[in-house]
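User: I would like to learn how to read the features of a structure like this one. Could you take me through it, giving the general idea first and then the case at hand?

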Amino acid sequence: MEVRARAPGKIILAGEHAVVHGSAAVAAAIDLYTTSSLRLLPAGEGGAADAVELDLKDSGLTFSWPCSRLREALGQGCEARAPRQCSPDELAAMAKLLEEHEIPEAKIWLSAGLSAFLFLYTSILGGKPGKVVVCSDLPMGAGLGSSAAFCVSMSGALLTAAGAVAVGGSSQAKEWEVFEKDDLELVNKWAFQGEKIIHGKPSGIDNAVSTFGSMIKFKKGELTNLKSRNAVKMLITDTRVGRNTKALVAGVSERASRHPDAMASVFNAVNSISEELSSIVELAAEDEIAITSKEEKLAELMEMNQGLLQCMGVSHASIETVLRTTLKYNLVSKLTGAGGGGCVLTLIPTCILFTP
């Protein structure tokens, strides 16, 4: 049996970091995907067949664990329809399993993702032998939701193989099929558990938009679908500066602990920006003047949000360079995701005139 599942990356138009502290955020899926392919292997033959193998195509690395070793360390799995949190004992057991592999120092950041994989695989499929292949269009650690797309696509493939979710079409279907709402919610819950292993205390917005797609407003775990009446065009610039999302999120929390009143005001301001931006996105602009006015308001809100992200301490010299460069052309930009490098969004107006 072989199944494939894919999930998109994302951009955050407003609200990153503050969303972890209860503010609203607005995010949209992008047309870049991570794909997880799973092939279950016959059990009981011994040797390489009785193993779980993970092939990370983009990193050029392959990992394998004997099924007996996984069952010994992590048990027989659980009910796939009942997502659960990874325990400290399981985290410690997975750390020992990873120690048995020589992960290159330059790619040590993969450890958290490998732990998420082991948890999801063994929780949903137990110790069944299988081979998983992952490939992605998304740059790693750039603020485009690569880890969430990994967890969502992985959860989708594993849950399908376990029979916990189903697609309605024929096996001969040429196009990707979409899960029903209840199945998407199950995928999202499992993916969130994987995200918590990778990032510590994520808000859940990344896995939510990767699971449900389109554009959403997200606040305290509640998701609202947004319908953009006009196209919102964004240029994504990758600064090529890597960063640690978990550390950046923790840094904002530490700043909030040191300056609770000031940071509460920052988070409240971000919430207002996200709420207003979500309303503007859904407005219908019928002519060029109305479209220009709408885009000017969006640009102002993005600019204000960037200023507040600077207050949180998550900007970076590389991000500021992009901001200054786009400003020369009267374009507004802001970081997207955790900051500290990564990617920058630039709003591209419908009507724009560049002067040489």
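**Reading the model, feature by feature**

Analyst: Let's start in a loop: Lys220 is found between β6 and β7 (222–226). Helices (DSSP H or I, at least four residues) and strands (E, at least two) are runs numbered from the N terminus. This is a predicted model, in which local features need pLDDT of at least 70 and side-chain atom pairs count only at pLDDT 80 or more, while totals for chains, interfaces and linings use all residues. Residues are numbered from 1 along each chain as its sequence is written, and side-chain values use heavy atoms, with hydrogens and water left out.

User: Is Lys220 buried or exposed?

Analyst: The cut-offs are under 20% relative accessible area for buried, over 50% for exposed and partly exposed in between, with a 1.4 Å probe and protein chains only. Lys220 counts as exposed because its relative accessibility is 65%. Lys220 also has a positive phi of about 50°, although it is not a glycine. Ser214 is another non-glycine with a positive phi, here about 60°, and its place is in the loop between α6 and β6 (215–219).

User: Which domains is the protein chain divided into?

Analyst: Domain bounds come from an automatic or database domain assignment. Here the chain is split into domain 1 (2–222) and domain 2 (227–348). Their C-alpha centres lie 27 Å apart. Where they meet, the contact (heavy atoms within 4.5 Å) takes 28 residues from domain 1 and 35 residues from domain 2.

User: How many residues does the largest nonpolar core have?

Analyst: In soluble globular proteins, nonpolar side chains tend to be buried together. A nonpolar core is a set of buried Ala, Val, Leu, Ile, Met, Phe, Trp, Tyr and Cys residues joined through side-chain atoms within 4.5 Å. The largest one here has 93 residues, and those with the most contacts inside it are Leu38, Trp65, Phe117 and Met312. Helix α3 (residues 110–125) gives the most to this core, with ten residues. Domain 1 and domain 2 each supply at least three residues to the core. A second, separate core has nine residues, among them Ala25, Ile205, Ala208 and Ile216.

User: What is Trp65 in contact with?

Analyst: Leaving aside neighbours within four places in sequence, the partners of Trp65 include Ala51, Val52, Leu54, Leu70, Leu97 and Leu98. His101, Leu114, Phe117 and Leu118 are also in contact with Trp65. Ser115 is found in helix α3 as well, and counts as buried because its relative accessibility is 10%. Beyond four places in sequence, Ser115 touches Met94, Leu98 and Ile197.

User: Which residues lie nearest the centre of the largest pocket?

Analyst: Rolling a probe the size of a water molecule over the atoms shows where empty space is left. On a 1 Å grid over the protein atoms alone, a pocket is an open set of points with protein on both sides within 12 Å along at least five of seven lines, a cavity is a set where a 1.4 Å probe fits but cannot get out, and lining residues have an atom within 4 Å of a point. Met140, Gly141, Ser146, Ser147 and His199 are nearest the centre of the largest pocket, which is lined by 50 residues. Its volume, the space filled by probe spheres set on grid points joined across faces, edges and corners, is about 1,200 Å³. Helix α3 gives the most to this lining, with four residues. The lining of the largest pocket draws at least three residues from each of domain 1 and domain 2. By class there are 21 nonpolar, 17 polar and twelve charged residues. Ala, Val, Leu, Ile, Met, Phe, Trp, Tyr, Cys and Pro count as nonpolar, Asp, Glu, Lys and Arg as charged, and the others, Gly among them, as polar.

User: What residues line the largest cavity?

Analyst: The count comes to one cavity of 30 Å³ or more, and the largest cavity holds about 50 Å³ of space. Its lining is made of Asn230, Ala231, Val232, Lys233, Ile291, Lys294, Glu295, Leu298 and Leu347. Helix α9 (residues 288–312) gives the most to that lining, with four residues. The lining of the largest cavity divides into five nonpolar, one polar and three charged residues.

User: Where is the place of Ser279?

Analyst: Ser279 sits in helix α8 (residues 260–282), and is partly exposed because its relative accessible area is 46%. Ser279 and Lys227 are 52 residues apart along the chain, with 9.8 Å between their C-alpha atoms. For Ser136 and Glu90, 46 residues apart along the chain, the C-alpha separation is 27 Å.
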